[in-house]
Amino acid sequence: MRAETETRWIVLGTDGRHVSLGRTKPSEAEIATASDALAAQGLSGWLARMQGNYYSWGCMTFEPIKRVGNTLDTE
């Protein structure tokens with residue numbers, strides 16, 4: 001049996017938390033909203049493309065695309 005692989009766009013915070021933005025590439029407005037929400041909390045992170053089976057224990061891969069949030073945060 002072959003496991004299905006999905007692509008999901010996420011914001012991955014420097015503290016390890018993440019938020020899914022969906023399976024299609026987010027718009028610049030959606031990215032800006034997520035970035036502003038992080039910055040309001042003094043946090044930073046990455047917009048990333050995640051591939052694998054999200055609801056399984058299998059291997060996941062992450063491709064960082066763009067730094068978001070408080071880019072002055074050096075954590």
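Analyst: Three elements, strand E1 (6-13), strand E2 (18-22) and helix H1 (28-40), each give at least two residues to the lining of the largest pocket. Keep in mind that this is a predicted model. The space in that pocket comes to about 210 Å³.

Going through the lining by name, you'll find Val 11, Gly 13, Asp 15, Arg 17, His 18, Val 19 and Leu 21, along with Ala 34, Ala 37, Leu 38, Gln 41 and Leu 43. Sort the lining by class and you get seven nonpolar residues, three polar ones and two charged ones.

E1 and E2 run antiparallel, with four bridges joining them. Ile 10, for instance, sits opposite Ser 20 in E2.

Step back a bit and this pair turns out to belong to an open sheet of four strands, ordered E2-E1-E3-E4 with antiparallel pairing. E2 is an edge strand and so is strand E4 (61-69), each of them pairing on one side only. On average, neighbouring strands in this sheet are turned by 30° against each other, ignoring direction.

That leaves the helix. H1 packs on the sheet, where it touches E1, strand E3 (44-52) and E4. Its direction makes about 70° with that of E4.

Conventions
Residues are numbered from 1 along each chain as its sequence is written. This is a predicted model: local features need pLDDT of at least 70, side-chain atom pairs count only at pLDDT 80 or more; totals for chains, interfaces and linings use all residues. Side-chain values use heavy atoms; hydrogens and water are left out. On a 1 Å grid over the protein atoms alone, a cavity is a set of points where a 1.4 Å probe fits but cannot get out, and a pocket is an open set with protein on both sides within 12 Å along at least five of seven lines; lining residues have an atom within 4 Å of a point. Grid points are joined across faces, edges and corners, and a volume is the space filled by probe spheres set on the points. Ala, Val, Leu, Ile, Met, Phe, Trp, Tyr, Cys and Pro count as nonpolar, Asp, Glu, Lys and Arg as charged, and the others, Gly among them, as polar. Two strands pair if DSSP finds at least two bridges between them. Axes are lines fitted to C-alpha atoms, for helices over the stretch in contact, and angles run from 0 to 180 degrees between N-to-C directions. Contact means heavy atoms within 4.5 Å.
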